Amino acid sequence: MSGKPKLIYFNGRGRMEPIRWLLAAAGVEFEETFLDTREQYLKLIKDGSLMFHQLPLVEIDGMKMVQTRAILSYIAGKYNLYGKDLKERAFIDMYVEGITDLTNMIMMFPFSPPEAKEKNLALIMERATHRYFPVFEKALKQHGQDFLVGNKLSWADVQLIEAILAVEEKFPAVLSGFPQLQAFKTRMSNMPVIKKFLQPSSPRKPPPDDRYVATVLKVLTE
Amino acid sequence: MAGKPKLYYFDGRGKMESIRWLLSAAGVEFEEQFLTTREQYEKLLQDGSLMFQQVPMVEIDGMKMVQTRAILNYIAAKHNLYGKDLKERALIDMYVGGTDDLMTFIIKFPFLPAEDKEKELAHIIQKATGRYFPAYEKVLKDHGQDFLVGNCLSWADVHLLEAILMVEEKKSDVLSAFPRLQAFKANISSIPAIKKFVEPGSQRKPVPDDKYVETVRKVLRL
């Protein structure tokens with residue numbers, strides 16, 4: 001069954017945003033259905049569309065895929081963004097998993113209780129500058145290539161540019177100690193498909209606001 | 001670089017246990033280095049052995065791999081436990097995502113404050129019997145085959161057996177409403193490499209106790 005992939009999620013970033021990024025980087029157009037009522041969500045469960053009763057859900061190539069990582073791996077594999085062999089894939093997976101740990105902190109941030117927000121924000125900055133960004137700065141410096149793995153655009157590069165921009169939204173000067181990442185950010189942002197995705201009116205979603213948080217809680221909570 | 005994979009972790013299950021299961025199911029012998037002191041951990045950090053300053057770490061095929069999912073992906077693919085094509089891999093990834101979510105509750109459980117444990121235990125059982133086990137019961141019922149994907153042993157089967165046994169340790173009759181999972185458990189457990197791993201004397205680790213929790217907290221300064 002051909003046709004565009006269909007993304008079913010809230011009208012916001014959350015766990016679907018890396019999927020939007022990866023499809024965009026692969027040059028794949030997609031459609032979106034936004035959930036804003038509990039009834040829509042319960043209907044999806046009743047229809048048997050959500051294997052583990054969870055979102056994201058992506059209808060793609062005849063499958064109703066759930067589990068963010070499974071969806072991303074499928075897209076990466078299908079569109080040649082997963083390296084050329086097992087070892088390249090191993091590095092892409094390691095990098096992607098590390099970046100995901102960082103972006104998960106950002107994703108969960110709007111849902112943290114008010115008293116924990118300051119601490120969580122500081123932790124995001126600490127982790128970004130001391131644990132995650134140094135790894136990619138070093139990798140780029142060591143091989144001197146434009147992309148993280150195999151001298152070719154991969155899922156890892158797309159995930160990294162997404163993470164950099166997300167952290168910069170909170171800490172605009174976060175890349176100040178990372179010249180390789182600054183150059184990487186510029187190169188990636190200028191790639192036609194990514195440049196297009198970064199323009200207003202693309203499917204890219206804005207940073208989560210109170211309304212987004214309220215919608216998620218309303219839909220998912222009894 | 002040939003030679004046995006070498007696993008660096010605490011002497012206990014945690015996030016390394018799924019890796020032990022998968023290597024064993026693949027018939028791959030491995031060595032283990034157990035972390036018992038903070039000094040050992042700091043040495044690994046200083047050596048640059050831990051990409052994101054975290055364990056598990058597995059030395060395999062000349063790589064120092066970190067990130068549990070990256071390691072598992074690599075082992076599964078290398079040993080033909082990852083399906084025959086992209087679509088089978090998509091199913092395996094989805095199924096493994098679910099069992100991973102379930103097992104993560106159980107991995108975290110020993111680290112909870114005593115007063116939260118009873119409630120969390122009920123939550124784990126409820127998720128297992130209300131969300132996860134029904135999903136896998138249905139997969140097996142729908143195709144009537146012995147294995148979850150492609151009529152052939154895969155990582156998904158090994159991961160599900162591990163999850164079933166872990167939940168049964170908390171509630172021994174948890175499979176009572178799931179006849180196909182009972183048959184699945186018997187089938188997969190009887191595969192020679194897995195049978196060997198489930199017997200005493202293997203590298204399978206016991207249920208985490210207070211000593212294990214204490215060691216992890218001491219080494220990681222949690």
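A polar contact is a pair of N or O atoms within 3.5 Å; within protein, one atom must be able to donate a hydrogen and the other to accept it, and residues adjacent in sequence count only if both atoms are side-chain atoms. The model is predicted: local features need pLDDT of at least 70 and side-chain atom pairs count only at pLDDT 80 or more, while totals for chains, interfaces and linings use all residues. Residues are numbered from 1 along each chain as its sequence is written, chains are lettered from A and ligands numbered from 1 in the order in which they are written, and side-chain values use heavy atoms, with hydrogens and water left out.

**View 1. The interface of chain B and chain A.** Nine residue pairs are in polar contact across this interface, with both residues of each pair at pLDDT 80 or more. The buried area, meaning the accessible area (1.4 Å probe) lost by two parts on being put together and summed over both, is about 2900 Å², with 65% of it on carbon and sulfur atoms. The contact (heavy atoms within 4.5 Å) involves 33 residues from chain A and 32 residues from chain B.

**View 2. The chain B side of the contact with chain A.** Two or more residues each come from strand S4 (63–66), helix H3 (68–78), helix H4 (86–108) and helix H5 (114–143) of chain B; helices (H or I, at least four residues) and strands (E, at least two) are DSSP runs, numbered from the N terminus. H4(B) gives the most, with 10 residues. By class, this side has 16 nonpolar, seven polar and nine charged residues; Ala, Val, Leu, Ile, Met, Phe, Trp, Tyr, Cys and Pro count as nonpolar, Asp, Glu, Lys and Arg as charged, and the others, Gly among them, as polar.

**View 3. The open sheet of chain B.** Four strands lie in the order S2-S1-S3-S4 with mixed pairing, two strands being paired if DSSP finds at least two bridges between them. Strand S2 (31–34) and S4 of chain B are at the edges with a single partner strand each, so one side of each has no neighbour in the sheet. S3 (residues 57–60) of chain B and S4(B) are antiparallel over four bridges, and B:Ile60 has B:Met63 in S4(B) as its bridge partner.

**View 4. The hairpin of S3(A) and S4(A).** Strand S3 (residues 57–60) and strand S4 (residues 63–66) of chain A pair in the antiparallel sense over four bridges. A:Glu59 is bridged to A:Lys64 in S4(A). Two residues lie between the strands, and A:Asp61 takes a positive phi near 50 degrees.

View 5. In chain A, the bond from A:Leu55 to A:Pro56 is cis, with omega near 0 degrees; A:Pro56 is in the loop between helix H2 (38–46) and S3 of chain A. In chain B, a cis peptide bond joins B:Val55 and B:Pro56, with omega about 10 degrees, and B:Pro56 is in the loop between helix H2 (38–46) and S3 of chain B.

**View 6. A salt bridge in chain A.** A:Arg13 and A:Glu169 form a salt bridge, their closest N and O atoms being 2.8 Å apart. The pair links distant parts of the chain, 156 residues apart: A:Glu169 is in helix H6 (residues 155–170), and A:Arg13 is in the loop between S1 and helix H1 (17–25) of chain A.

Definitions and conventions:
A salt bridge is a side-chain nitrogen of Lys or Arg within 4 Å of a carboxyl oxygen of Asp or Glu.
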